[in-house]
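Reader: Can you walk me through this one? Keep it brisk.
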Amino acid sequence: MRFFVIILIALLCFACSSDESANESADKNSERIPTQESWNSDYRVTEDGLLKAIMFARHTRKYSDKKETLMDTLKVDFYDEHGIKTTTLTSYFGKINDQNKNMVARDSVVAINEDGTMLETEELHWNNRTRKITTEKFVTITTKDEIIKGYGLESDQNLKNYKIFEPVINADAKKVKSEKK
């Protein structure tokens, strides 16, 4: 009889600990479940009735509790005040702050404007309020006349007026400060 009581207590303890770990696991998984999810979707961003951007993503996940939207295989077309497409940005990953609508693009980020100026980097931040793009990462800008490389960038979203904070002359040269406007 005593042996039976010990086994019963052990089973109860095991069952309680299993239930707790299952509940903890469910809580952790529920944090990862998006409130909205879609595939192959496009989103039109307007302001005062004017088209500002069209975003396409292969996979989108919105997390209301974190107030963020995550996008995989992202493409964004930016438009000017006249509704003319000015720049296209692509990346493998994007994150949008749902409160201020700022965006971070990561992993093989490429932005190309209507003149053919191309920006390549691994991470890019877009500020919705100022319509500027920035990064602290290494960048390469290719124009019809030159290739510029360096660390850190600030630009308008049209890639017309940009500043590279630490340009690199060549791989062996030291960094120098300069600005293109």
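Author: Two strands pair if DSSP finds at least two bridges between them. Helices (H or I, at least four residues) and strands (E, at least two) are DSSP runs, numbered from the N terminus. With that, Lys149 stands opposite Val168 in S9.

Reader: Is this predicted or experimental, and how is it numbered?
Author: This is a predicted model: local features need pLDDT of at least 70, side-chain atom pairs count only at pLDDT 80 or more, and totals for chains, interfaces and linings use all residues. Residues are numbered from 1 along each chain as its sequence is written, and side-chain values use heavy atoms, with hydrogens and water left out.

Reader: How many helices and strands in the chain?
Author: The chain has 1 helix and 9 strands. Along the sequence the pattern is α-β-β-β-β-β-β-β-β-β.

Reader: What order do the strands take in the sheet?
Author: The sheet is open, with 9 strands in the order S1-S2-S3-S4-S5-S6-S7-S8-S9 and antiparallel pairing. Strand S1 (36-47) and S9 are at the edges with a single partner strand each, so one side of each lacks a neighbour in the sheet. On average, neighbouring strands are turned by 20 degrees against each other, direction ignored. For such angles, axes are lines fitted to C-alpha atoms, for helices over the stretch in contact, and angles run from 0 to 180 degrees between N-to-C directions.

Reader: How many bridges join S7 to S8?
Author: 9 bridges, and the two strands run antiparallel. Thr134 has Glu154 in S8 as its bridge partner. S7 and S8 form a hairpin with 4 residues between them.

Reader: And S8 to S9?
Author: Those are joined by 6 bridges, again running antiparallel. They form a hairpin with 5 residues between them, and Leu159 in the turn has a positive phi of about 60 degrees.

Reader: What about S2 and S3?
Author: S2 and S3 pair over 10 bridges in the antiparallel sense. Thr60 has Met71 in S3 as its bridge partner.

Reader: Switching topic. Which residues have the most contacts inside the largest nonpolar core?
Author: They are Val76, Leu89, Met103, Leu119, Leu124, Ile133 and Leu153, in a core of 24 residues. Elements giving two or more residues to this core include strand S2 (50-63), strand S6 (118-127) and strand S9 (162-168). A nonpolar core is a set of buried Ala, Val, Leu, Ile, Met, Phe, Trp, Tyr and Cys residues joined through side-chain atoms within 4.5 Å. Buried means under 20% relative accessible area, exposed over 50%, partly exposed in between (1.4 Å probe, protein chains only).

Reader: What is Leu153 in contact with?
Author: Leaving aside neighbours within four places in sequence, the contacts (heavy atoms within 4.5 Å) of Leu153 include Leu119, Ile133, Val139, Tyr162 and Phe165.

Reader: How many aromatic pairs?
Author: The structure holds 2. Phe78 and Trp126 are tilted, 5.4 Å centre to centre with 40 degrees between the planes. Phe78 is in strand S3 and Trp126 in strand S6, so the pair ties together parts 48 residues apart in sequence. Rings of Phe, Tyr and Trp (its six-membered ring) pair if their centres lie within 6.5 Å; planes under 30 degrees apart count as stacked, over 60 as edge-to-face and the rest as tilted.

Reader: Are Phe78 and Trp126 buried or exposed?
Author: Phe78 counts as buried at 3% relative accessibility. Trp126 counts as buried at 11%.

Reader: And the other pair?
Author: Phe138 and Tyr151 have ring centres 5.1 Å apart and planes at 65 degrees, so the pair is edge-to-face. Phe138 is partly exposed at 35% relative accessible area, and Tyr151 is partly exposed at 33%.
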